[in-house]
Amino acid sequence: MKQAKMILDKDYQISRIDNRIYGSFIEHLGRAVYGGIYEPGHPTADELGFRTDVISAVKKLGVPIVRYPGGNFVSGFHWEDSVGPVEQRPKRLDLAWFTTETNEVGLHEFAKWAEKAGSDLMYAINLGTRGPEQARDVVEYANHKSGSKFSDLRISNGKKDPFGIKVWCLGNEMDGPWQMGQKTAYEYGRTANEAAKMMKWVDPSIELVACGSSSSEMPGFGSWELEMLNECYENIDYVSLHRYYGNPTGDTPGFLARTMDMDDFIRTVTSICDAVKGKKHSKKQINLSFDEWNVWYHSNEQDKEIWKREKWDRALPLLEDIYNFEDALLVGSMLLTLLRNADRVKIACLAQLVNVIAPIMTRNGGGCWAQTTYYPFLHASRYGRGTALKAIVQSPVYDCRDYEGVPTIDTAATMEDDGHVTVFCVNRDMTEDCLLDLDLRSFGGMEMEEHIVLHHDDVKAVNTEDCPDRVAPVTVQPSGTDNGRVQVRLPALSWNVLRFRPAG
Ligand code: AHR
């Protein structure tokens, strides 16, 4: 059996954890909205048509903020289409996903759903086909009290009090050729800056996320961030990062090592933000919003077939990745990467939440079930709150095609305000268990309360409506603590949650 060591000290802290790192994302895409959260006539639908089985599954995850309404969708979106009497709302061709958008669910409806789900809204504006003026209009509509054209329109549409949306995205992936209204870094930086100024003049309390590169693999990554930040640094608050990974070649060790890239991505964007800060002699620190992250590749071929057959239909079943056990391990590692970078990553959104590359699946007229990836998110969101701790870790390492020295044991540790300490670990080893020697002496008396394990012998095992618990966590016997030292066995290929409580 392999061996690893971890020392935790209550005074070795990375940062307070911003709860918004457990955010998620719902786009007008596929069956995320229509057939996902909203399905009037479904046996569990409430008076507004929202599926209460889905709301319960989301509430269990504890999602403090949900990005909406896109995504690529937002770059052709007219926010005005999504408010006012539903029967008068236009149907539009959505050029992002080759679907017809009916606007049956819009800002007012989604805000009600978010309230039921216990989430705040993170609202994205269109900086693709539209510009700063409609951006300031929608802030006035959503956040201004009354006595102006758009605030009074909101009131006449039935919402007396402002929505009070705090976080706004200045467009989406504006460097991507697939984006409606793609821009150069300079064009985007200028537009984002003017939109940001006007939006904050309407409501100075809002926070703004500027688009970083669509991924670290974009040819312009790095120079895009530098150039666009040069134009808008003082008026924005966060830079966005987006990253999806896949395992099309079936290389599990290489796939599980992809968080090495994610960590690099975060450090690089942080450095660029700080370089621009230095260049501008600014007092302001720009933080990161990792507002799209996940595994995404399973559904690619299927989507091409759907578009061949059903282009322009409503609510096409797009991006319906069925996640397997190894995907859950990588999602776990991605969460650990966010936690280890909690000093700069203040918002993150698992993309997405329901049906579309999602931890929660539904069948139209049928059930709702948890994919494998639901569980690491559930555990991290539930227990990974408070303060991120700087663990000193010695782990065996392995090499794979793209990386050398990948730690076999991937970890993060957190301390809640009530004194609970949680150690999260992924054992990336394909065959060997690992004995983790954990030193918690600095905390005084601590005892192990719980050890949750997610493991399956088959990395390709999935959950389905008929077999929803094939991959599900189990609780194993916690190990005994001896004077603040504990040895825990981490099974080969597993996600582990080790919970400790102050003794006595
Ligand atoms: O989350 C799916 C899509 O991925 C989003 O619409 C887009 O921003 C990204 O490319």
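Tutor: On a 1 Å grid over the protein atoms alone, a pocket is an open set of points with protein on both sides within 12 Å along at least five of seven lines, while a cavity is a set where a 1.4 Å probe fits but cannot get out; lining residues have an atom within 4 Å of a point. This model is predicted, so local features need pLDDT of at least 70 and side-chain atom pairs count only at pLDDT 80 or more, though totals for chains, interfaces and linings use all residues. Residues are numbered from 1 along each chain as its sequence is written, and side-chain values use heavy atoms, with hydrogens and water left out.

Student: Which residues lie nearest the centre of the second largest pocket?

Tutor: Asp263, Arg267, Arg340, Asn341 and Lys390, out of 22 lining residues. Helix H8 (259-279) and strand S19 (409-415) each give two or more residues to this lining. Helices (H or I, at least four residues) and strands (E, at least two) are DSSP runs, numbered from the N terminus. H8 has the largest share, six residues. The volume is about 500 Å³, counted as the space filled by probe spheres set on grid points joined across faces, edges and corners.

Student: What takes up space in the largest pocket?

Tutor: The ligand does. A molecule sits in a pocket if more than half of its atoms lie within 2 Å of the grid points. The largest pocket holds about 590 Å³ of space. Of its 26 lining residues, Glu173, Trp178, Ser214, Tyr244 and Trp296 are the closest to its centre. Strand S10 (residues 238-245) gives the most to this lining, with four residues.

Student: How many residues are around the ligand?

Tutor: There are 13, with Glu27, Asn172, Glu173, Tyr244 and Glu292 coming nearest. "Near" calls for a heavy atom within 4 Å.

Student: Which side chains have an N or O atom by a ligand oxygen?

Tutor: Polar contacts are pairs of N or O atoms within 3.5 Å. Glutamate 173 has a side-chain N or O atom 2.7 Å from a ligand oxygen. For the side chain of glutamine 352 the distance is 2.9 Å. Asparagine 72 uses a polar backbone atom, also 2.9 Å from a ligand oxygen. The protein covers 96% of the 280 Å² of accessible area (Shrake-Rupley method, 1.4 Å probe) that the ligand has on its own.

Student: How many cavities of 30 Å³ or more are there?

Tutor: Three. Strand S6 (residues 99-101) gives the most to its lining, with three residues. Other lining residues include His28, Phe73 and Asp94. The second largest cavity holds about 40 Å³, and Arg67, Cys169 and Glu173 are among the residues that line it.

Technical notes. A polar contact is a pair of N or O atoms within 3.5 Å; within protein, one must be able to donate a hydrogen and the other to accept it, and residues adjacent in sequence count only if both atoms are side-chain atoms.
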